[in-house]
Amino acid sequence: MTDTATGHFEQDTKLPSLSRRAFVGGLAVFAALTFIGLPLEPAQAQTAVAQKIADHFASVKTMSGEFVQFGPRGEQTGGKFFISRPGKIRFNYEAPSPMRVISDGKSVVIGNQKMKTWDIYPLSKTPLKLLLSDNIDLTGKLVRSVKEEADLTTIVLGDRTVFGDATITLMFDPKTYDLRQWTITDAQKKDTSVMIFNVKNGGPMDDKVFSIPYDDINNRGK
């Protein structure tokens, strides 16, 4: 599953508008768990519920499944995702979308196979750093609200560090604590919603799934 596209290489920590949309859409399900910085804090009991769910998510060392994404203009895309802790994640969008999002534990890349371009960012400069660690700490000022219902537990998180003044609404199964759906609302109040299904937890995963073609990227034009 290693991509062989070559082309544009950037070492940057500020996402351009097009890449930001791909990054938000593709990683919202997981980056949501890492948002920090807003000065709103729910009751201690609510934070405890959120932390219990985060602990459950962090206990799953490998995960794979499918996703369907709904954009702010009603556009629909889908694909598959893969996770291996610590630090590794991949999103493959189905055709006709050319996008790939990969983290190999050191860097996060957004690849466009059609344009043969790659944008690359240090993992430490993205929300994935906390998400993909072996422990997820939500005891700070991360959680804006928690709503517990019979068939759904909803957690709202917020961030100003990477995507501006964005919020994430995460919906979990209240019995299993499994993530079912999420919506990210960006600084322009536009929503991107994602549903995941056919999720498999645990089991071996090949490191080649998370490989980034550094040689191809660095040797472009030679």
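**Close-up views of a predicted model**

Figure 1. Leaving aside residues up to four places away in sequence, I196 touches E66, F67, F81, L179, R180 and W182. I196 is also listed with F67, F91, L138, V143, I155 and L170 as the residues with the most contacts inside the largest nonpolar core.

Figure 2. In soluble globular proteins, nonpolar side chains tend to be buried together.

**Figure 3. The aromatic pair F67 and F91.** The model contains 3 aromatic pairs. In one of them, the ring centres of F67 and F91 are 5.5 Å apart and the ring planes meet at 70°, so the pair is edge-to-face, the class for planes over 60 degrees apart. F67 belongs to strand β1 (residues 62–70) and F91 to strand β3, so the pair ties together parts that are 24 residues apart in sequence. F67 has a relative accessible area of 2% and is therefore buried. F91, with a relative accessible area of 1%, is likewise buried.

**Figure 4. The aromatic pair F67 and Y93, and the cluster around it.** The ring centres of F67 and Y93 lie 5.3 Å apart with planes at 80°, so this pair is edge-to-face. The pair links distant parts of the chain, with F67 in strand β1 and Y93 in strand β3, 26 residues apart. Y93 counts as buried because its relative accessibility is 7%, and the limit for a buried residue is under 20%. F67, F81, F91 and Y93 together form one aromatic cluster.

Figure 5. P86 is situated in the loop between β2 (76–84) and β3 (88–93). P96 is placed in the loop between β3 and β4 (99–104).

**Figure 6. Positive phi at K116.** K116 is a residue other than glycine, yet its phi is positive, near 55°. The loop between β5 (107–112) and β6 (117–122) contains K116. The relative accessible area of K116 is 47%, so this residue is partly exposed, a class that lies between the limits of 20% and 50%.

**Figure 7. Positive phi at Y177.** Y177 is not a glycine, but its phi is positive at about 65°. Y177 occupies the loop between β9 (166–172) and β10 (179–185). With a relative accessible area of 24%, Y177 is partly exposed.

Note on methods:
Residues numbered from 1 in each chain as written. Heavy atoms only, no water. Helix = DSSP H or I, 4+ residues; strand = E, 2+ residues; numbered from the N terminus. Buried < 20%, exposed > 50% of the residue type's maximum accessible area, 1.4 Å probe, protein only. Phe/Tyr/Trp six-rings, centres within 6.5 Å; stacked < 30°, edge-to-face > 60°. Core = buried A, V, L, I, M, F, W, Y, C linked by side-chain atoms within 4.5 Å. Contact = heavy atoms within 4.5 Å.
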